[in-house]
Amino acid sequence: KDFEKRFRSLGPEPFSDEFNLNYLVNFFKKKKKDIKSFLIDQGFVSGIGNIYASEILFACKINPFKKVNRLSKNECLNIILNSKKILNQAINKGGSSIRDFKDISGNKGTFQKDFRVYQQDGKNCKRPKCKGIIKKKITSNRSTFFCVSCQK
């Protein structure tokens, strides 16, 4: 019973059918928090951590500090699609080993080699034709990385 109660407060998983446009639009209605805060909020969506939130928003060209009530339906769709895409890539690479993460076989993940923005502070944007620089901003004791030029 405690088990069920604990999981009831969690949002849908990014790969589930419940994580859809209707869900995002309704969840974001009248909310003024930024999109990055929602992506790492397990009550909104389960399983997206800090690293992946930055990578997803970079793929979407969305500024992490954009308020959710200002997102278009197209941007919401992009968040859904890129959440699945980035997480699939990370799963296929065994996750991200930043400090000491290892899988059950003792192997380190290799997705950190594919980071486009996370831990890229001060570097040039990896998006073709973008002349922007990756910036790091700390909010709620979490690092957020984004391109100052292409993430609007």
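Which residues form one aromatic cluster? In this predicted model, the cluster is formed by Phe19, Tyr23, Phe27, Phe28, Phe38 and Phe44. Across the model, the count of aromatic pairs comes to 13. A pair of aromatic rings is described by two quantities, the distance of the centres and the angle of the planes. For Tyr23 and Phe27, the ring centres are 5.5 Å apart and the planes stand at 50 degrees.

Phe65 is placed in the loop between helix 4 (50-60) and helix 5, whereas Phe146 is placed in strand 2 (residues 142-147). The pair therefore ties together parts that are 81 residues apart in sequence. Phe146 is buried, its relative accessible area being 6%.

Helix 2 also holds Leu24. The relative accessible area of Leu24 is 0%, so this residue is buried. The C-alpha atom of Leu24 is separated by 8.7 Å from that of Leu77, although the two residues are 53 residues apart along the chain.

Charged side chains were examined next. Side chains of opposite charge can pair when their charged atoms come close. In the whole structure, 2 salt bridges are found. One of them joins Asp41 to Lys33, with the closest N and O atoms 3.8 Å apart; this distance falls within the 4 Å limit for a salt bridge. Asp41 is partly exposed, at a relative accessible area of 26%, and Lys33 is also partly exposed, at 38%. Another salt bridge joins Lys66 to Glu75, and here the closest N and O atoms are 2.9 Å apart. Lys66 counts as partly exposed, with a relative accessibility of 22%. Glu75, in contrast, is buried, because its relative accessible area of 18% is under the 20% cut-off.

Two kinds of surface patch are described here. A positive patch is formed by Lys85, Arg116, Lys123 and Lys126. Of these residues, Lys123 is located in the loop between helix 5 (73-92) and strand 1 (134-139). A nonpolar patch, of about 320 Å², is made by Phe3, Phe7 and Leu10. Phe3 is found in helix 1, which covers residues 2-8. The relative accessibility of Phe3 is 60%, and this residue therefore counts as exposed, the limit for that class being over 50%.

Key:
Residues are numbered from 1 along each chain as its sequence is written. This is a predicted model: local features need pLDDT of at least 70, side-chain atom pairs count only at pLDDT 80 or more; totals for chains, interfaces and linings use all residues. Side-chain values use heavy atoms; hydrogens and water are left out. Patches are made of residues with over 30% relative accessible area and no salt bridge: like charges are joined within 9 Å, nonpolar side chains (Val, Leu, Ile, Met, Phe, Trp, Tyr) within 5 Å. Accessible areas come from the Shrake-Rupley method with a 1.4 Å probe; for residues, only the protein chains shown count as cover. A salt bridge is a side-chain nitrogen of Lys or Arg within 4 Å of a carboxyl oxygen of Asp or Glu. Lys and Arg count as positive and Asp and Glu as negative; His and the chain ends are not counted. The place of a charge is taken as NZ of Lys, CZ of Arg, CG of Asp or CD of Glu. Helices (H or I, at least four residues) and strands (E, at least two) are DSSP runs, numbered from the N terminus. Rings of Phe, Tyr and Trp (its six-membered ring) pair if their centres lie within 6.5 Å; planes under 30 degrees apart count as stacked, over 60 as edge-to-face and the rest as tilted. Buried means under 20% relative accessible area, exposed over 50%, partly exposed in between (1.4 Å probe, protein chains only).
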